[in-house]
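Read it alongside the coordinates.

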Number of protein chains: 2
Amino acid sequence: MNKILIFGHKNPDTDSICSALIMEQYDKKLGCDVEAVRLGDINKETVYVLEYLHIEAPRLIESVEEGQEVVLVDHNEFPQSVNNIENAKITAVVDHHRICDFKTADPLYYRAEPVGSTATVLYKKFKESDMEISKEIATLMVSAIISDTLLFKSPTCTSEDVEIANKLALIAGIDMQEYGLNLLKAGTDLSDVSEEKLINLDAKEVMLGNIKAVIAQVNTASIPDMMTRKEKIEQEIKKAIKDRNLDLFLFAITDIINSNSQAIVLGNKADIVSGAYHVTLENNTVFLEGVVSRKKQIIPVLTEASKK
Amino acid sequence: MNKILIFGHKNPDTDSICSALIMEQYDKKLGCDVEAVRLGDINKETVYVLEYLHIEAPRLIESVEEGQEVVLVDHNEFPQSVNNIENAKITAVVDHHRICDFKTADPLYYRAEPVGSTATVLYKKFKESDMEISKEIATLMVSAIISDTLLFKSPTCTSEDVEIANKLALIAGIDMQEYGLNLLKAGTDLSDVSEEKLINLDAKEVMLGNIKAVIAQVNTASIPDMMTRKEKIEQEIKKAIKDRNLDLFLFAITDIINSNSQAIVLGNKADIVSGAYHVTLENNTVFLEGVVSRKKQIIPVLTEASKK
C-alpha cells in the first residue's frame, strides 16, 4: 500500500504547510507510514519559516490515485483539495474551517475547532497524547498561529490561540513580536509575483449558495502600493472568471498593520458584495473597514447575502 | 437567548439518548446553558438504561427555530436530524459516523472518530478535560457502547471501545455480560410495537449516490419469530416508499445472538442489494451472513454498489 498522504489546501499558506509537517510527525510517532505533501507553490512567508528551521518543503503533488489514503489538514472543502479527492479514502481531517461540500463513504477521524489556526488544534492533540513538542514542532506551530491570526489581530483569533502561542514561543525560543513581524512582512513582498499568480496565491473557491465564487486574499503593509497594480490584477481576474466560469471574484488586499482590507470585486454577482457590506462599488473596488478575515468576515457575510 | 439544545438522531437509539445526556453534563460543567432533548420515542432498550438509573428521558422536540444554537451527537446528516436544521446554528458535533449532507456557514467544533459509539468519543473528551466520570455518566457511557457494538460483536467495535467499556463497567459497578445481555434483550421485545412503528424504530434515510433510501434495523433474539410478521411489515414498507418517494427500503432483522441479518428489501432499486452482496432476492428477502452493522456492512456496501 502507498504511504498515507497528508496535505493542506491548494494555494497553501503557512498554516497548511506547517500543519501538514506537524501532522506527519504526529502520525509517525504513532507508527503510521505517512508523508506530508503540498498542493501548490510555497509562499514567501512560509519560505521564511522553512529557512529559519533549515527544513525542506514537502513534495508537490497534483492529484491522487483512486483509493489513495489521505489526511486533510487546514481544509475540508473538495474544491480546495487535491484533484480526484472524490475518489480518495479520507482517513482523517484536522481543521478549523466551516464544513462544506465534504463527504465520505465511511466513518473517519474528524477534528475541527473554531480557533485561529489548525496548528492550535494540533497542539491540543499533542498534549492529549502526551507527546513531546520539540523546538522544531513548536516553531512550526507558532508560525502557523501567527500567520493565520495576523499576530493575534484577526477576529478569528481566540484566547486559546494566544495562550498556546505564548507557550510555544518559549519552547521555540523566539521573541513573539520580532519573529512574528518578520514572518508577516516576509509574506508581503509580492513585487516579483506576476498578477496572474497574485490572484491565485491564496485563493479559495467556494459556493455561496448557488454562486460559484473565488475569494482571494493577499497581505500587504501598504494598500496604495498594491493598488498601483489594479489594472493588471483586474485583467487577470476577468480571465479567471471566464476560464473557470465564476459568478464572483473578490480579491482582498489586507493591510496587516492597520487591519483593514481593500477589495477588488468582479463578476456578474459582484452586486452581492455591495448588499452584504452596505457599500457602493466604485471602479470595481471597495474599502472594507476592519475586515481582515476571509473566514469570519467575508465568507459567512457573503453566504448570508447570497440567500437574499 | 434560548438554551443550546443537544440531541441525537431521529428514531433515537441508546447511543443517541445517552450521548445527549452525557454531553449535557459535560457542557454544564463548562458553564454552558444547555439542555439535552430527543427527536423521537425512547426504545425499550433505552428505557432499560433510564429505569436502571432512575432518570427521566430528555424532552421531545419536533423542530427548531431559525438561529437556534444546537449541538448534534451521534449523527450529522441533515435528513436524520431535527426539522429545520438547515436554519439552526450548529455549534458542535460529536459523532462516529461518516460525514454527508452536512454543512455550516461558520467554523464549528467537530469531533468524530471511527469507533463503536459516540459515548466512546465522549469518554475521551471527559478524560482530556480532566473531568470526573460519575457512576451515572459511566453507566450511560457503557450502556451506549454495549448497545452500539452489540456487546462488542459488531465489526464497528474497536479495541478502544472494549478497553474503555471495561474501565466504565468498574466505575458503574456492573457485571458487563449480565448487564449487557439484559440491556440488549430488553431491546428485542418488539411484540407490542405495530409494524408501522417497527419499520421506523431505527430507520435512517440516506442518499446512496442518487438513490433515496431508508435502511432500517431491528435487533432480535429470533429471526423466524420476526419473520412471522413479514407480510404486514412489507405492507408498511410499501406505504413508506410511496409516501416518502423512496427508491429503496431495506429492513434488516439482526440476530444479536448469532450475528447475522435477514433483510426485507423493497423499492425500484431493490436490485442493487442483490448486486452488492452477490445474492438473489427471494420473496423480497435475503439472508446476510455475518452482517450486523448498518454503518460498516450495509451503507458503504450499498454506496459502492450505487456507483456501478
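Predicted model: local features only at pLDDT ≥ 70, side-chain atom pairs only at ≥ 80, totals over all residues.

Residues are numbered from 1 along each chain as its sequence is written, chains are lettered from A and ligands numbered from 1 in the order in which they are written, and side-chain values use heavy atoms, with hydrogens and water left out.

Domain 1 covers 4-185 of chain A, and domain 2 covers 195-305. These bounds come from an automatic or database domain assignment. The C-alpha centres of the two domains lie 25 Å apart. Domain 1 of chain A brings 17 residues to the contact and domain 2 of chain A brings 21; contact means heavy atoms within 4.5 Å.

The two domains of chain A share 1 salt bridge. The term requires a side-chain nitrogen of Lys or Arg within 4 Å of a carboxyl oxygen of Asp or Glu. A:Lys197 and A:Asp41 form a salt bridge through their side chains at 3.7 Å, N to O.

## Chain interface

Chain B and chain A bury about 2100 Å² between them, with 61% on carbon and sulfur atoms. B:Ile99, B:Ala105 and B:Pro107 supply 26% of the area that chain B buries against chain A, more than any other three residues. Each chain's share of the contact is 22 residues for chain B and 22 residues for chain A. The table sets out the two contacts.

| Contact | Buried area | Salt bridges | Polar contacts |
|---|---|---|---|
| Chain B and chain A | about 2100 Å² | 0 salt bridges | 4 residue pairs |

On the side of chain B that touches chain A, β6 (109-112) and α11 (294-306) of chain B are the elements that give two or more residues. β6(B) gives the most, with 4 residues. Helices (H or I, at least four residues) and strands (E, at least two) are DSSP runs, numbered from the N terminus.

## A sheet across both chains

How many strands form the open sheet? The sheet has 12 strands, in the order β3(A)-β2(A)-β1(A)-β4(A)-β5(A)-β6(A)-β6(B)-β5(B)-β4(B)-β1(B)-β2(B)-β3(B), with mixed pairing. Its edge strands are β3 (59-60) of chain A and β3 (59-60) of chain B, each pairing on one side only. Two strands pair if DSSP finds at least two bridges between them.

Strand β6 (residues 109-112) of chain A pairs with β6(B) in the antiparallel sense over 3 bridges. There, A:Arg111 has B:Arg111 as its bridge partner. Within chain A, strands β1 (residues 4-7) and β2 (residues 34-38) pair in the parallel sense over 3 bridges. A:Ile4 has A:Val34 of β2(A) as its bridge partner.

## Salt bridges overall

Over all chains, the structure holds 34 salt bridges. The side chains of A:Asp192 and A:Lys44 form a salt bridge at 3.0 Å, N to O. A:Asp192 lies in the loop between α6 (176-188) and α7 (195-198) of chain A and A:Lys44 in helix α2 (residues 44-53) of chain A, so this pair ties together parts 148 residues apart in sequence.

Definitions and conventions
Buried area = accessible area lost by both parts, 1.4 Å probe. Polar contact = N/O pair within 3.5 Å; in protein donor to acceptor, adjacent residues only side chain to side chain.
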